[in-house]
Amino acid sequence: MPKTVMIVDDAPSVRQVVGMALKGAGYEVVEARDGKDGVAKLDGRKVNLVICDLNMPNLDGIGFLKQIKTMEVYRFTPVIMLTTESADDKKMAAKAAGARAWLTKPFQ
């Protein structure tokens with residue numbers, strides 16, 4: 001069974017590009033349009049990795065991280081932040097909330 005990656009980003013183009021790359025590599029992909037949608041889609045299914053934007057409507061990336069890290073099933077799921085932000089204070093806040101890595105857009 002393929003591993004599952006969740007992409008949480010309000011930009012449809014980012015979800016599409018990242019999703020196509022992951023699907024091409026054999027991963028199952030779950031897409032969410034913001035943090036609130038992402039939390040709703042974490043319904044107990046196994047998610048091996050989350051790739052999350054920082055700045056989103058309804059629930060931003062830090063809020064999303066804080067919520068999923070309180071969920072027993074997803075407490076140890078690794079989260080990579082993929083964002084245009086590069087400020088150290090944002091990186092530290094994400095790390096404190098549970099992010100494992102930080103990638104800055106645009107990326108290759």
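1. A polar contact is a pair of N or O atoms within 3.5 Å; within protein, one atom must be able to donate a hydrogen and the other to accept it, and residues adjacent in sequence count only if both atoms are side-chain atoms. Asp-60 caps the N-terminal end of helix α3, with a side-chain oxygen 3.3 Å from the backbone nitrogen of Ile-62. Helices (H or I, at least four residues) and strands (E, at least two) are DSSP runs, numbered from the N terminus.

2. On the basis of the model: it is predicted, local features need pLDDT of at least 70, side-chain atom pairs count only at pLDDT 80 or more, and totals for chains, interfaces and linings use all residues. Residues are numbered from 1 along each chain as its sequence is written, and side-chain values use heavy atoms, with hydrogens and water left out.

3. Helix α3 spans residues 61-68 and is mostly covered, with 6 of its 8 residues buried. Buried means under 20% relative accessible area, exposed over 50%, and partly exposed in between (1.4 Å probe, protein chains only). The buried residues of α3 are Gly-61, Ile-62, Gly-63, Phe-64, Leu-65 and Ile-68.

4. How do α3 and α4 lie relative to each other? Their axes come within 9 Å and cross at roughly 15 degrees; the two helices are therefore roughly parallel to each other. Axes here are lines fitted to C-alpha atoms, for helices over the stretch in contact, and angles run from 0 to 180 degrees between N-to-C directions. Angles under 35 degrees count as roughly parallel, over 145 as roughly antiparallel, 65 to 115 as roughly perpendicular and the rest as oblique.

5. The crossing of α3 and α4 is left-handed, a term used if the near helix is turned anticlockwise from the far one by less than a right angle (right-handed if clockwise). On the α3 side the contact is made by Ile-62, Leu-65 and Lys-66, and on the α4 side by Ala-93, Ala-94 and Ala-97. Contact means heavy atoms within 4.5 Å. By class, the residues of this contact are 5 nonpolar, no polar and 1 charged. Ala, Val, Leu, Ile, Met, Phe, Trp, Tyr, Cys and Pro count as nonpolar, Asp, Glu, Lys and Arg as charged, and the others, Gly among them, as polar.

6. Ala-93 lies in helix α4 and is partly exposed, with a relative accessible area of 35%. The C-alpha atoms of Ala-93 and Asp-9 are 18 Å apart, and the two residues are 84 residues apart along the chain.

7. Two strand residues are worth a look. Thr-4 is found in strand β1 and counts as buried because its relative accessibility is 6%. Leaving aside neighbours within four places in sequence, Thr-4 is in contact with Glu-28, Val-30, Lys-46, Val-47, Asn-48 and Leu-49. Ile-51, in strand β3, counts as buried at 12% relative accessibility. With the neighbours within four places again left aside, Ile-51 is in contact with Val-5, Met-6, Ile-7, Val-8, Val-18, Leu-22, Ile-80 and Leu-82. Ile-51 and Trp-102 are 51 residues apart along the chain, and their C-alpha atoms are separated by 9.6 Å.

8. Most residues other than glycine have a negative phi, and most peptide bonds are trans. Asn-58, in the loop between β3 and α3, has a positive phi near 70 degrees. Asn-58 is exposed, with a relative accessible area of 64%. The peptide bond from Lys-105 to Pro-106 is cis, with omega near -5 degrees. Pro-106 is placed in the segment after β5 (101-104).

9. Which side chain does the side chain of Lys-105 meet in a polar contact? The partner is the side chain of Asp-9, at 2.9 Å. Lys-105 is in the segment after β5 and counts as buried, at 16% relative accessibility. Not counting residues up to four places away in sequence, Lys-105 touches Asp-9, Val-14, Asp-53, Leu-82, Thr-83 and Thr-84.

10. Thr-104 is found in strand β5 and is partly exposed, with a relative accessible area of 34%. Leaving aside neighbours within four places in sequence, Thr-104 is in contact with Thr-83, Thr-84, Glu-85 and Ser-86. Thr-104 and Lys-91 are 13 residues apart in sequence and 11 Å apart in space, C-alpha to C-alpha.
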